[in-house]
Structures are given as structure tokens and as C-alpha cells.
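Subject: Structure handover

Hi,

Here is the structure you asked about. Please open it and keep it on screen while you read the notes below.

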Amino acid sequence: MDVIRMNIRMVLLQHGYKNVQITTVLSPAWTTDWMTEAGKQKLEDYGIAPPNLKQQVCNTQLFAEDEAVQCPHCGSYNTRRISEFGSTACKAQYQCNACHEPFDYFKCH
Ligand SMILES: [Zn+2]
């Protein structure tokens, strides 16, 4: 959060804004339900499987085994979870059984 705030402040200062005040709002808590389709597409384009790309309902059960996660590289659903957590706590580490590429999955929360 501190790095995000610092990066926002630096970009605004570089673009000529002098008095920058950044307000962090923690309530209501952000959920992946707020993620736009454009945002999900950007995650996928970056190589991160967005939460439930094809499914209509998020599985909110922690570490659910039955969640079908689509590989952001080749589109296969033949994937397996390697770790409950990926590069951040809100992501899980997956590997595609078709193209063998590892990828992060942005978990529903
Ligand atoms: Zn793949």
C-alpha cells in the first residue's frame, strides 16, 4: 500500500501537480466483484488468470478444490494448483498441464 501511494504521488508530481493528498479508503472492503471486465482482461493479458473468467459465481470457500481456472497463456482449463499463495497473498500459483506455463490466479475475495 505504501509503494502504491508513493508511486501515485511521484507520477502526479512529475505531471505538475503540487499539492497531492492521497486518501486510502478501507471500508467497504474491496472485493473481486468490483473488478471490471476490462480490468480482468488486463490481468489476463499480463499473464495472471483473473477471478472466475468463465464462471458466474465465485467460490468463496478458502482453498476450494473444485474451481476451474483457465490458463491465461493458452486458454486450457487443464490446470493444477501448485500453491495456495502466489506472488501476493490474494493470488494462488497454478501451472497449466497443456502448455506447462506457471501462472498466478487472482483468487475471489
Ligand atoms: Zn496453458
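Is cysteine 71 buried or exposed? Cysteine 71 counts as buried, because its relative accessibility is 0% and the cut-off for buried is under 20%. Keep in mind that this is a predicted model.

Now the zinc site. Four protein donors hold SG atoms 2.2 to 2.4 Å from the zinc ion: Cys71, Cys74, Cys96 and Cys99. The angles among the four donor atoms run from 102 to 117°, and the site is tetrahedral. Along the chain, the donors follow the spacing C-x2-C-x21-C-x2-C. Cysteine 71 sits in the loop between strand S1 (48-49) and strand S2 (79-83), and cysteine 99 in the loop between S3 and S4, so this pair ties together parts that are 28 residues apart in sequence. Cysteine 99 counts as partly exposed, at 27% relative accessibility.

Next, the core. The largest nonpolar core has nine residues: Ala49, Val69, Cys71, Ala92, Tyr94, Cys96, Phe103, Tyr105 and Cys108. S3 gives the most, with three residues. Take valine 69: leaving out residues up to four places away in sequence, valine 69 touches Ala49, Ser76, Tyr77, Thr79, Tyr94, Phe103 and Tyr105.

Last, glutamate 44. Look for this residue in helix H2 (residues 37-46). Glutamate 44 counts as buried, because its relative accessibility is 18%. From C-alpha to C-alpha, glutamate 44 and cysteine 71 are 8.8 Å apart in space, and they are 27 residues apart in sequence.

Best wishes

Conventions. Residues are numbered from 1 along each chain as its sequence is written. This is a predicted model: local features need pLDDT of at least 70, side-chain atom pairs count only at pLDDT 80 or more; totals for chains, interfaces and linings use all residues. Side-chain values use heavy atoms; hydrogens and water are left out. Helices (H or I, at least four residues) and strands (E, at least two) are DSSP runs, numbered from the N terminus. Buried means under 20% relative accessible area, exposed over 50%, partly exposed in between (1.4 Å probe, protein chains only). A nonpolar core is a set of buried Ala, Val, Leu, Ile, Met, Phe, Trp, Tyr and Cys residues joined through side-chain atoms within 4.5 Å. Contact means heavy atoms within 4.5 Å. Donors are N, O and S atoms within 2.8 Å of the metal (3.2 Å for Na, K and Ca); water is not among the atoms, so sites may look incomplete. Four donors count as tetrahedral if all angles lie between 85 and 135 degrees; four count as square planar and six as octahedral if opposite donors are over 155 degrees apart and all others between 65 and 115; anything else is irregular.
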